[in-house]
Amino acid sequence: MLNIKIFGIVQGVGFRPFVKNLADAQKIFGTVANRGSYVEIFAQASEEALKKFLDALQTKNPPRSAILKVDVKDLPDKNFSDFKIIDSTHEAGDIFVSPDIAVCEKCKEELFDKNNRRYLHPFINCTACGPRLTILKNMPYDRERTSMSDFPMCAACAEEYFNPASRRFDAQPVCCNDCGPEVYLIGNGELGIGNWDAIKHVRKILAGGGIVAIKGIGGFHLACNAKNFSAVQRLRDSKTRPTKPFAVMFKDVAAVERECFLSEAEKIFLDSPQKPIVLLQKKIGSIAQNVAPDINKLGVMLPYTPLHLLIFDFPDDIKNFPDALIMTSGNPSGVPITIDDDDALKNFDYCDAILSHDRKILLRADDSVMDFIDDKPSMIRRSRGYAPLPIFFDGNKKISVLALGGELKNTFCLAKNNLLYASPYIGDVSDLRTVEVLESSIERMKNLLEINPEVVACDLHPRYQTTKLAEKISSALDVPLIKIQHHYAHILSCLAENNFHGEVIGVAFDGTGYGLDGTIWGGEFFLCDTKNFERAASIKPFTQAGGDKSSREGWRIAVALMKDFELAKKLKLASVAELNGQKFLLEKNINCVTSTSVGRIFDAVAAILDICKVSTYEGEAAMKLQAAAERSDKNFRADFLTTEEIFNEVLTRRLDGENIFDLARFFHESLAEMTAAIVEDLSRESKIKTVALSGGVFQNSLLSSLTFDKLRRRGLKVLRHELIPPNDGGICIGQALHVVKLKIGG
Ligand code: ZN
Ligand code: ZN
Ligand code: FE
């Protein structure tokens with residue numbers, strides 16, 4: 001008899017029924033059970049049958065499962081007379097929680113099949129699809145430990161749930177029109193309108209140009225017709241979000257292709273079970289101009305819940321329902337996504353309807369966002385569909401870590417053994433409401449993954465809310481707290497993603513981060529490994545005057561760099577009063593800090609090119625500068641040693657009347673060239689031949705691609721991000737990795 005343990009994503013993906021069917025087909029006797037962290041099989045049969053069985057287990061496993069390790073032991077035979085799925089028991093160990101999975105093709109067919117008993121059921125799902133992480137209380141993954149425990153199965157659903165031949169066998173969220181959760185409207189005097197009537201009502205509002213809040217898998221979305229300028233504008237005004245791009249959900253791939261260019265690689269991710277938002281190159285089409293103003297890309301996703309499908313395609317008498325809807329996180333600006341009805345009523349009073357449902361969301365999960373660089377994915381926000389799948393890093397000692405991450409785009413990370421589990425997206429933690437959500441999400445994930453931190457890690461910044469929370473948690477748990485420099489954590493996250501153990505030259509280009517010397521860092525060249533780092537070089541320091549405003553208002557940086565107020569006035573970088581104020585601050589050294597932030601250099605260049613003087617959202621100036629550069633087909637650069645020289649050259653040429661798109665391009669090319677030259681020097685001195693690129697600035701696909709290319713031409717190996725964001729959403733992973741590695745060093 002064989003005792004087989006299969007580790008990986010084997011829970012909530014139909015793994016046990018798959019094993020049972022396989023065993024039955026090959027006349028194998030024994031049992032299969034969920035063990036929390038793995039599936040355990042006892043299998044008894046002829047040697048040949050067992051060999052086939054073992055092989056099939058690893059090659060024919062269900063599409064959503066992922067096998068990471070198989071342990072096989074030979075044991076004496078027992079008295080089995082059939083093959084049984086036995087109840088879950090619980091054992092501690094490495095735990096793999098499945099992310100939420102988009103509705104599958106088979107369920108989609110059934111949803112619109114009049115003869116199916118789940119016809120138009122907004123919560124249809126099966127062993128291959130449906131919510132997982134967001135409805136889970138504890139492991140192992142069983143119905144009683146999910147928010148589906150509120151919905152006892154009807155006889156027909158129970159029949160499928162317990163029948164190994166059914167494709168809903170052992171599917172925890174299984175339900176139907178009789179026994180499942182219900183959708184309904186809340187607020188605006190529409191209380192009591194439920195189910196199909198609620199969906200029809202919402203369709204009518206959306207078709208008529210209204211705004212609707214819709215509860216989904218990981219939180220509420222705000223939706224309106226993406227081709228209706230005034231609807232989009234009203235949403236912008238209500239949400240106080242003047243220009244930040246909105247994501248668009250298209251009815252299907254054909255609708256996407258009418259509005260955007262879609263490569264094969266992009267299509268695979270767009271239509272994958274994770275269904276992230278993918279940034280696609282826009283065509284000249286009919287999406288309203290104010291959806292993603294002044295940038296060349298559009299954030300696009302496909303319907304991923306049955307409710308989304310019904311909103312697009314419900315068989316009612318509404319003609320010409322839009323094939324593209326804005327689907328943006330339903331949250332007040334800067335605060336985590338709304339998940340319950342009370343908050344929805346408070347937050348969405350400007351909506352024409354609020355469509356909710358009674359299946360509880362236990363953990364928030366925003367949509368993931370992905371760009372493509374050189375035809376490879378480049379994650380911008382890793383959340384729904386991906387979290388909490390762990391990142392593997394070989395050879396760690398057994399130590400459990402909680403890493404709190406950064407302040408903006410916050411995620412946190414729990415680590416144990418060789419696994420680094422990053423949470424779904426939390427948001428901007430400078431708001432105290434977000435801190436509360438962060439704290440409760442940590443509790444839930446600790447519980448789910450059964451990790452009791454022995455060390456807490458956080459950023460070095462003394463005033464980050466995450467630092468304060470880390471101090472609180474570490475003293476409550478009475479465990480050590482380790483603070484890690486922001487940009488080093490960025491580079492570490494890149495090493496973690498690439499499972500790279502050696503020394504690298506780390507290039508961290510970023511917005512803002514607290515440096516070891518108390519100045520603002522963000523254009524750093526490190527010599528480092530997972531345990532230590534040395535700041536070998538940085539871009540030329542400049543003065544950031546004006547406090548918080550200086551990180552949003554690029555003209556302030558431009559003024560400091562050009563040191564010529566008359567010229568600044570001539571260029572109308574700001575009003576005369578503002579320029580005088582800035583002059584005063586700089587001359588008297590008031591509210592001034594020294595900075596090496598590359599993000600701010602982008603802001604300054606965007607300001608002097610009159611592309612963006614003041615950002616209304618993080619990264620706006622840089623995104624617009626990139627978009628401008630992409631409109632130039634010139635390929636020219638100059639060799640400069642410092643960012644200040646590059647800035648001055650752009651300024652001089654601008655005054656000579658050169659085209660701003662060409663100058664935006666020139667800036668990108670020159671910055672990449674300068675970077676590669678600095679790295680080349682460092683490599684020659686240090687003999688390190690591997691470079692890791694990280695930090696939010698490398699979200700810029702043009703800069704990333706140019707830098708990558710120039711480094712490779714110099715014979716260097718380049719590590720980049722693909723599925724971990726280069727921005728602050730990734731640094732929790734770097735922090736956790738450092739702690740884990742420090743421990744090994746002892
Ligand atoms: Zn399905
Ligand atoms: Zn049912
Ligand atoms: Fe950062």
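These notebook entries record what I looked up in one predicted model.

**Entry 1: the domains**

I began with the domain assignment of the chain. It lists domain 1 as residues 2-85 and domain 3 as residues 183-357. Domain 5 covers residues 505-719. Two domains are each written as two segments: domain 2 as 98-155 and 165-180, and domain 4 as 388-498 and 727-741. I then turned to domain 3 and domain 5, whose C-alpha centres lie 35 Å apart. Their contact takes eight residues from domain 3 and seven residues from domain 5.

**Entry 2: the area between domain 3 and domain 5**

I looked up how much area is buried between domain 3 and domain 5, and found about 680 Å². Carbon and sulfur atoms give 59% of that area. Which residues of domain 3 lose the most area to domain 5? I noted Thr243, Ile295 and Asn296, which together make up 51% of what the domain 3 side buries.

**Entry 3: polar and charged links**

I next looked up the salt bridges between domain 3 and domain 5, and the count is one. I also noted a salt bridge between Lys624 and Asp294, with the closest N and O atoms 3.7 Å apart. For polar contacts between domain 3 and domain 5, I recorded four residue pairs, with both residues of each pair at pLDDT 80 or more. On the side of domain 3 that touches domain 5, I recorded four nonpolar, two polar and two charged residues.

**Entry 4: helix α17**

I moved on to helix α17, residues 598-608.

**Entry 5: Thr643**

I finished with Thr643, which I located in helix α19, residues 643-655. Is Thr643 buried or exposed? Its relative accessible area is 2%, and a residue counts as buried under 20%, so Thr643 is buried. Leaving aside neighbours within four places in sequence, I listed its contacts as Ile539, Lys540, Ile601, Leu671 and Met674.

Conventions. Residues are numbered from 1 along each chain as its sequence is written. Chains are lettered from A and ligands numbered from 1 in the order in which they are written. This is a predicted model: local features need pLDDT of at least 70, side-chain atom pairs count only at pLDDT 80 or more; totals for chains, interfaces and linings use all residues. Side-chain values use heavy atoms; hydrogens and water are left out. Domain bounds come from an automatic or database domain assignment. Contact means heavy atoms within 4.5 Å. Buried area is the accessible area (1.4 Å probe) that two parts lose on being put together, summed over both. A salt bridge is a side-chain nitrogen of Lys or Arg within 4 Å of a carboxyl oxygen of Asp or Glu. A polar contact is a pair of N or O atoms within 3.5 Å; within protein, one must be able to donate a hydrogen and the other to accept it, and residues adjacent in sequence count only if both atoms are side-chain atoms. Ala, Val, Leu, Ile, Met, Phe, Trp, Tyr, Cys and Pro count as nonpolar, Asp, Glu, Lys and Arg as charged, and the others, Gly among them, as polar. Helices (H or I, at least four residues) and strands (E, at least two) are DSSP runs, numbered from the N terminus. Buried means under 20% relative accessible area, exposed over 50%, partly exposed in between (1.4 Å probe, protein chains only).
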